[in-house]
Amino acid sequence: MFILNTKGTTYCFEITKSGHLEHLYYGKKIHPDAAALREKDYVAPGNTITYDSSIKEMTLEYKRLEFSSYGKGDIREPFIEVINPDGSLTSDFLFKDAVISKGKPDLEILPSSYDEKGDTEHLCVILKDEGYNLTLELHYYVFEDCDVITRNARFINDSKETVILKRLLSTQLDFISDKLSFTTFNGAWANEMNKNTATVNGGKIINSSNIGASSNRSNPFVMIHAVDAAEDYGKCYGINLIYSGNHYECFERTSHSLYRFVSGINPCGFSFEITPGSDFVSPESVMTFSDKGFNGMSLNMHEFVREHIVRGNWKKKERPVLLNSWEACYFDLNEKKMLKLAKEAKDVGAELFVMDDGWFGNRDDDTKALGDWDENLKKLPGGLSGLGRKIKALGLDFGIWVEPEMVNTCSSLYYLHPDWTLEIPSHKHSEGRNQRVLDLSKSEVCDFIIEKMSSVFSSAEISYVKWDMNRIFSDAYSQGFDKNRQQEIPHRYMLGLYRVMKTLTERFPDILFEGCASGGNRFDLGILCYFPQIWASDNTDASCRAAIQTGYSYGYPQSTISAHVSNCPNHQTLRNTSIETRFNIAAFGILGYELNLCDISDAEKEAIAAQIAVYKANRALLQFGHFYRGAINENEFEWTVADADSNRAVGLKFIRLKRANDGLKYYHARGLLENARYHFTNRVTPINVKIFGDLVNSIAPVHVKQGSIMHDVVSRIVKFSTEKDDGYFYGDMLMEAGYLMKQDFVGTGFTEGMRVFTDFGSAMYFIEREDV
Ligand code: GLA
């Protein structure tokens, strides 16, 4: 029996008489015994296949297996599919050997987890299909401290003939259970990470991407859990894939309460030719388990991502508060405008100024110039270096936007290299955002990107790069590549991209890279192995963001989720939310601002300056603390970030739509010590009297007409603040019973001190241990 133990979990399997790997258990830590855990069969039932007539009871269809190959009687989702030299699709990989070692090696051509301390234990199980002389290695890595086990596989062609790999997945988990739910995170552009839960009674649910990126349609992070699991209780498995391309997660239930989960590269549109002596390595899959609900699971995942995925100089460094030019002026930028904006950014306390799209070639809109990465000297007479120097002189760091994987047909690059794009020669191409995908399966294209970006990044004092990718694949055909092997291209593209990202991040270790793909179209662990943070969504509306960031939080820590305060009416929804709510929600990620600071009121600028000061004072906690979801439903959100020692926490309560006389509202903290006393306060912010509309006349000595000059004057003179909360309470009470918020405005009188939540109202709480 192979037993893989972490701090709180056990994973085990054994070798059957036939040489297969029978999965025995994955869950809370136990003292496993195969005699109890293994299946005790005597005959192959009904019309199932008996694997070997000398082992009458052995039917693969009813076994929980560590992996399954195609064609020998296991009719469920296979882990591996090979077209053998004789055309047969049947494989039979049986146990040969196993090796245990220490340390976490890199996968080299693929991004992978790492372990600086070298504590990770590595199990490699070697299996052989003797009939065709093919080898399969299953690799397991045990990250004891964060209750994570990762897996991947390597296929080696030891034969003398070429074979075709039709699928090689990364993990397989078989369960026996009466009922399990499967949760996936699906969406679209500006509408990422909607949580969808289904109870699978029969058949399959597939979560997959075939768009060339991990996609905003179906994130590769999924959960399998007890039907009644909730944020704080119930068994929950979280599974993710360290890959940014086409992926596949399938959850299947067959008869006899047998569930199978598989995950890996999407077999749809995939195959790979494996010549004699060569191999294929599948991406690493990450698995964790907790019996403490979704929060327990995500705490493990967050720790793993922070410690074993994100790397480099920015891994633990507090990330700067930035101002991004995109929603401030879109393509209409020039040096003068940038400097004006930057000056305002400096005044409110931002630390980094980012010039987004529009600075290069003749890029005045999205129809042209992608690929021509030389600065537009009409817009930036001093070039990137001149502007960078001036920004630095203002006391800000300087960052830029690039989209290196793409080209507009209206560009010099396309003119010079029309064969460098993914497209089918002499066929009409389907366009996306007026641009085409460069063919990163070609090494000369990757070399070009590496050299061009290296010269851009070293042409000025650049501290930050937003790396965008704004279209999905169509007509994905590599010009000049073997016409029979085009199904290799999406994966070869990823290998090229990873080489480019690895080389550039190693060449520029001090640059803070932020991934982006029209927002969250490539928010995954593959990208996070190179870039420590990702622009989570092009949707900056606070109400939408509350849901989007909640969705991400199940699988990804807040240090990876970039979130900006933008202007209102919001550019994606035309919704108005208060500047404070916009901040309160963005503050639970990597905070930035993305609005024209030159056009907003002084009161809003003051509010922003105060927000940035609060964020900086709590930044380490907000960016790297333990994140918990409290009570969450369509209308209410509760988040808490607590430090590892439970000395400090920051909380959020956000209520989308206000209902009149809606009764009592609580905020429940998380992550505190039950027996410690905490100082509990909230962030008190000014309220503009205008939110009361013409109700102001019930207290004003003279009549004030709404929208009049008098109304403006009154709003400047009459100063209100939000409610004030201040008390000393025990952690157990704040977590179990919660803090009962002050009465909300109900329309039958207003007394200062009451809570005034309009639609999209929110409160931020600070919780500090008394005796520390
Ligand atoms: C994408 C990004 C935006 C912005 C634009 C620029 O949509 O997600 O944040 O950078 O590109 O073209």
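Tutor: Let's start with a term: a pocket is an open set of points on a 1 Å grid over the protein atoms alone, where a 1.4 Å probe fits and protein lies on both sides within 12 Å along at least five of seven lines. Its volume is the space filled by probe spheres set on those points, which are joined across faces, edges and corners.

This is a predicted model, where local features need pLDDT of at least 70 and side-chain atom pairs count only at pLDDT 80 or more, though totals for chains, interfaces and linings use all residues. Numbering runs from 1 along each chain as its sequence is written, and side-chain values use heavy atoms, with hydrogens and water left out.

Now to your pocket. The largest one holds about 1300 Å³ of space. Its lining (residues with an atom within 4 Å of a point) comes to 44 residues, and Ile 579, Glu 580, Pro 686, Ile 687 and Asn 688 lie nearest the centre. Helices (H or I, at least four residues) and strands (E, at least two) are DSSP runs, numbered from the N terminus. H12 is the biggest giver, with six residues. By kind, the lining splits into 17 nonpolar, 15 polar and 12 charged residues. Here Asp, Glu, Lys and Arg are charged, Ala, Val, Leu, Ile, Met, Phe, Trp, Tyr, Cys and Pro are nonpolar, and the others, Gly among them, are polar.

Next, the ligand. There are 13 residues around it, with Asp 356, Asp 357, Arg 433, Lys 466 and Asp 538 coming nearest; to be included, a residue needs a heavy atom within 4 Å. That shell has four nonpolar, three polar and six charged members. A side-chain N or O atom of Asp 538 sits 2.4 Å from a ligand oxygen, for Asp 357 the distance from a polar side-chain atom to a ligand oxygen is 2.6 Å, and for Asp 468 it is 2.9 Å. On its own the ligand has 310 Å² of accessible area (Shrake-Rupley method, 1.4 Å probe), and the protein covers 96% of that.

Trp 359 sits in the loop between strand E21 (352–355) and helix H5 (383–393). Trp 359 counts as buried because its relative accessibility is 0%; buried means under 20%, exposed over 50%, and partly exposed in between, using a 1.4 Å probe and protein chains only. Gln 172, in strand E9 (163–176), is also at 0% and so buried. Phe 67 is 105 residues away from Gln 172 in sequence, yet their C-alpha atoms are 5.8 Å apart.

Most residues other than glycine have a negative phi, and most peptide bonds are trans. The bond from Cys 568 to Pro 569, however, is cis, with omega near 0 degrees, and Pro 569 belongs to the loop between strand E28 (561–566) and H11. Asp 147 has a positive phi of about 55 degrees, and Tyr 330 one of about 50 degrees. Asp 147 is buried at 10% relative accessibility, while Tyr 330 is partly exposed at 30%.

Key. Polar contact = N/O pair within 3.5 Å; in protein donor to acceptor, adjacent residues only side chain to side chain.
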